[in-house]
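Thank you all for coming. I would like to walk you slowly through one structure, so please have a look at it before I start.

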Amino acid sequence: MSRSILRWLTTLIFHLYLCDWAQSLRGVRLDVPEAVLTGDTARLACDYDLEQAALYSIKWYRGDEEFYRFVPKESPPTRVFPLPGIHVDISLSDARKVTLLDVQKQLTGFYKCEVSADAPLFHTEIKSASMTVVDVPPEEPTLTVDKYRYSAGEQIQANCTSRASYPAANLTWFVNGQQVPGPAPTVIFPEPGGSLETSRSTLELEADSATFRDTKLRLRCEASLFKLYRRSSEELELHEDTPQLASVLGPSIADSSIRLDASFSMVFAILCILLMAACR
């Protein structure tokens, strides 16, 4: 066999060997909760398919800082690295998941799972996802308006406020039971102390026959944070001022009767006075 053919076969076998190992780690899937309440437990999962290869290590990072490692060949296989605010429950953590206790807002950020297959190639794949630690508002949003009666053509202005949450709550408007499409102007400002936020949204409408139904308009707003919080304000009912039209038929029959009764009484009184004078 010539050297060129031998070299070609060696190269082919080597590439097949590389492909086989390169495919030994595939389908890494990361399951990190999008949001979790302050003080709750967060379970982060990292699933993967090693096929025929052995696992070398699993490493978890917050940002670029490693806080948990699982190496099956070591004893013990788990190792926790100190990181401010992170408390790992070793008993509920292994090669496919890590459990964090009493999470606080400072742990909001990106988390990465690094999976490495064993020798000889140590093929590695990394997946990342974000997690937000949430403080929900202590009460439902409040809804205020300038007044409760409006004439046609007037501008209706309503304010919805959701206080003291992290992050600031999303605000949605409903008019006559229907959600108002598109975002309404919203302002976010910090609460005293700086760790919580308040959101305030303003809705402006023109009072007309299309806005009011049977001279009434029902208005409410809703505050939400991920899938953890959804509360609605008290529903307000506004009324349309309708002009009172004067009658074009002149005085009513009832008004005429009242005037006739008054005239008759006056005539009767005069006649009585004249009669009494004549008797004297």
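For which residues does pLDDT stay under 50 while the model has zero contacts beyond four places in sequence? That stretch is residues 246-250, where pLDDT is the predictor's confidence in each residue, from 0 to 100, and where contact means heavy atoms within 4.5 Å. Over residues 9-22 pLDDT also stays under 50, although for these the model has 11 contacts beyond four places in sequence. For the protein, the mean pLDDT is 84, and 77% of the residues reach 70 or more.

A word on the conventions. This is a predicted model, in which local features need pLDDT of at least 70 and side-chain atom pairs count only at pLDDT 80 or more, while totals for chains, interfaces and linings use all residues. Residues are numbered from 1 along each chain as its sequence is written, and side-chain values use heavy atoms, with hydrogens and water left out.

By a nonpolar core I mean a set of buried Ala, Val, Leu, Ile, Met, Phe, Trp, Tyr and Cys residues joined through side-chain atoms within 4.5 Å; buried is under 20% relative accessible area, exposed is over 50%, and partly exposed is in between, with a 1.4 Å probe and protein chains only. The strands are DSSP runs (E, at least two residues), as helices are (H or I, at least four), numbered from the N terminus.

If you look at Leu100 itself, its contacts beyond four places in sequence include Phe67, Ile86, Val88 and Tyr111.

Now to the charged side chains. The structure holds 13 salt bridges, each being a side-chain nitrogen of Lys or Arg within 4 Å of a carboxyl oxygen of Asp or Glu. In one of them Asp47 meets Arg96, at 2.5 Å from N to O, and this pair links distant parts of the chain, since Asp47 is in strand β3 and Arg96 in the loop between β6 and β7, 49 residues apart. Asp47 is partly exposed, at 30% relative accessible area, and so is Arg96, at 39%.

In another, the closest N and O atoms of Asp64 and Lys112 are 3.0 Å apart. Because Asp64 lies in the loop between β4 and β5 and Lys112 in strand β8, this pair ties together parts that are 48 residues apart in sequence. Asp64 counts as exposed, at 66% relative accessibility, whereas Lys112, at 21%, is partly exposed.

Please also note the salt bridge between Asp135 and Lys105, at 2.9 Å, in which Asp135 is buried, with a relative accessible area of 18%, and Lys105 is partly exposed, at 24%.

I will end with Asp89, which sits in the loop between β6 (78-80) and β7 (97-100).
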